[in-house]
Amino acid sequence: MPTTVGTRPQPISQHSRPKTVYIKTYGCQMNVYDSIRMNDALAKDGYSEVSNMEDADLVLLNTCHIREKAAEKVYSELGRIRKLKNRRKHTMRPLTLGVTGCVAQAEGEEIIRREPAVDLVVGPQTYHRLPDIVARASNGSAVVETEYAVEDKFDYLPAPDSKRTRSRGVTAFLTVQEGCDKFCTFCVVPYTRGTEVSRSARQIINEAKALCDAGVREITLLGQNVNAWHGDGIGDEEWGLGRLLQELSQISGLARLRYVTSHPRDMDEALIAAHREIDILMPYLHLPVQAGSDAILKAMNRKHTAAEYISLIKRIRQTRPDIALSGDFIVGFPGETDADFEATLDLVDKVEYAQAYSFKYSPRPGTPGADLENQVEEAVKSERLARLQALLNQQQVNFNQSFVGKSMDVLLEKPGREDGQIIGRSPWLQSVIVDASSGRIGDIIKVEITEAGPNSLQAVRSLDA
Ligand code: SAH
Ligand code: SF4
Ligand code: F3S
């Protein structure tokens with residue numbers, strides 16, 4: 001930049017103070033990852049992250065549209081922030097308010113109509129333009145950017161910064177694939193995240209190396225359909241996720257790999273084999289099935305039967321016998337009868353999940369399911385959800401208790417609630433409370449499990465202190 005000679009001293013204005021940003025994240029892990037990338041992009045533009053909304057010049061809500069409740073939460077939060085914004089209106093610190101993420105993509109300008117305090121609305125595909133959008137919005141004109149950008153945002157977002165990565169801990173997310181072409185009839189994701197796009201292997205490997213250089217020990221690859229990832233490998237070879245995992249497993253310093261979320265139809269042989277071949281690939285698989293009745297699976301457009309799912313699980317378990325399975329379920333999809341619901345319970349009985357999420361069907365505007373006439377009554381949905389959750393919780397308790405008295409490797413992640421305790425993770429994604437000193441964060445140690453609760457394990461004895 002050329003130096004200007006003889007400029008007059010500038011009056012001290014709000015711009016001479018470092019700008020601050022607070023991002024509140026809703027929804028899935030991809031939003032967590034996106035919030036980090038947005039913070040990094042804004043840091044390049046002089047924004048520092050604060051942990052309190054009151055201290056921020058810029059507040060962004062990174063939102064989720066998956067169920068009605070998730071979307072409505074955003075509007076009640078916006079109402080609260082409007083009051084803060086009004087209080088700050090005529091001060092030296094006006095507040096800029098933005099909505100990003102899937103509600104932004106789905107509702108666009110409608111957000112500003114419903115809540116005029118909002119200054120900017122930005123969909124997930126244009127985060128790389130955020131500093132520019134914020135600058136425009138801070139000047140008083142509302143900005144809505146929900147077009148899919150022609151350029152690839154990942155080519156423009158800054159690479160992970162090593163100091164900032166280090167401060168975030170020893171585990172990290174890395175988006176490898178975004179969007180979805182599957183159009184399950186209940187789901188908004190194909191509309192909010194767009195069509196399925198895979199990042200290049202080169203870009204992913206570079207980002208993973210940068211994370212590991214900054215001290216990350218565990219990387220979880222993310223995608224709405226992560227196992228649909230495919231890309232150009234070395235030479236003319238087309239790679240799938242199994243091959244990509246092989247390559248990533250060679251990165252020095254990396255101790256654990258995971259990936260989420262997978263679709264049963266994209267679980268190919270190479271990926272299943274990766275669970276046997278790659279020792280740092282953790283024995284845990286989130287493989288949502290949603291329902292156990294073939295009629296409902298068909299109506300949901302899942303494109304597989306319950307029997308096909310069960311036989312897939314069998315093959316995966318033959319390849320990696322200690323693998324833990326996790327899933328997602330929806331109860332009360334339109335037309336679901338008592339017999340259909342019993343088929344879901346039956347499938348859960350057969351699979352035995354280590355952990356699972358379950359939801360009442362929420363009709364989403366614009367999806368085919370919302371227009372079906374045979375919607376299930378709320379009371380029936382609630383009753384089914386309670387029964388399903390009781391079964392899933394029991395399976396989770398059984399799974400956790402099966403480890404009492406056994407030893408396992410735990411990656412020490414962060415300080416626990418009490419002095420001398422560290423929270424770690426088992427290979428099967430359980431939280432483990434370990435008696436260890438904070439200096440050991442980032443280490444993998446062998447412990448003996450002494451107690452098991454529904455949500456965590458306890459280990460007082462480190463076997464290799
Ligand atoms: N890509 C993943 C799911 C992403 S959404 C997959 O294919 O499985 C995460 C979960 O939210 C879904 O698995 C589903 O169980 C739930 N979900 C999605 N849409 C929903 C809706 N309309 N009502 C209730 N739950 C829903
Ligand atoms: Fe949604 Fe189905 Fe795509 Fe998963 S596979 S993101 S549930 S449309
Ligand atoms: Fe929600 Fe969007 Fe994730 S709708 S679940 S934040 S992809």
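Predicted model: local features only at pLDDT ≥ 70, side-chain atom pairs only at ≥ 80, totals over all residues.
Residues are numbered from 1 along each chain as its sequence is written, and chains are lettered from A and ligands numbered from 1 in the order in which they are written. Local features need pLDDT of at least 70, side-chain atom pairs count only at pLDDT 80 or more, and totals for chains, interfaces and linings use all residues, while side-chain values use heavy atoms, with hydrogens and water left out.

## Confidence

The pLDDT is the predictor's confidence in each residue, from 0 to 100. Its mean for the protein is 93, and 96% of the residues reach 70 or more. Over residues 1-14 the pLDDT is below 50, and this stretch has two contacts in the model beyond near neighbours in sequence. Contact here means heavy atoms within 4.5 Å.

## Helix packing

Two packed helices are described by the angle between their axes and the distance between the axes. Axes are lines fitted to C-alpha atoms, for helices over the stretch in contact, and angles run from 0 to 180 degrees between N-to-C directions. Helices (H or I, at least four residues) and strands (E, at least two) are DSSP runs, numbered from the N terminus.

| Helix pair | Axis distance | Angle |
|---|---|---|
| α13 (residues 306-319) and α14 (residues 338-351) | within 11 Å | roughly 10 degrees |
| α11 (residues 269-277) and α13 | within 8 Å | roughly 35 degrees |
| α1 and α5 (residues 130-138) | 9 Å | about 70 degrees |

Angles under 35 degrees count as roughly parallel, over 145 as roughly antiparallel, 65 to 115 as roughly perpendicular and the rest as oblique. The axes of α13 and α14 cross at roughly 10 degrees, so α13 is roughly parallel to α14. On the α13 side the contact is made by Ala306, Tyr309, Ile310, Ile313 and Arg317, and on the α14 side by Leu347, Lys350 and Val351. These residues divide into six nonpolar, no polar and two charged. In this grouping Ala, Val, Leu, Ile, Met, Phe, Trp, Tyr, Cys and Pro count as nonpolar, Asp, Glu, Lys and Arg as charged, and the others, Gly among them, as polar.

Helix α13 also meets α11: Leu312, Arg315, Ile316 and Thr319 of α13 face Glu269, Ile272, Ala273 and Arg276 of α11 in this contact. Here there are four nonpolar, one polar and three charged residues.

For α1 and α5, the angle is about 70 degrees, which means that α1 is roughly perpendicular to α5. Met38, Ala41 and Leu42 of α1 meet Leu130, Pro131 and Val134 of α5, a contact with six nonpolar, no polar and no charged residues.

## Ligand surroundings

A residue is near a molecule if one of its heavy atoms lies within 4 Å of it. Around ligand 2 are Cys180, Lys182, Phe183, Cys184, Phe186, Cys187, Val189, Pro190, Asn225, His263 and Arg302. This shell has seven nonpolar, two polar and two charged residues. Ligand 3 has Cys28, Asn31, Thr63, Cys64, His65, Ile66, Cys102, Arg193 and Gln224 around it, with four nonpolar, four polar and one charged by class.

## Two single residues

Buried means under 20% relative accessible area, exposed over 50%, and partly exposed in between (1.4 Å probe, protein chains only). Glutamine 29, in helix α1 (residues 29-44), is partly exposed because its relative accessibility is 33%. Apart from neighbours within four places in sequence, glutamine 29 contacts Phe173, Leu222 and Val260. Glutamine 29 and glycine 223 are 194 residues apart in sequence, and their C-alpha atoms are 9.1 Å apart in space.

Serine 326 belongs to strand β15 (residues 324-331) and is buried, at a relative accessible area of 1%. Not counting residues up to four places away in sequence, serine 326 touches Tyr284, Leu285, His286, Leu287, Pro288, Tyr353 and Gln355.
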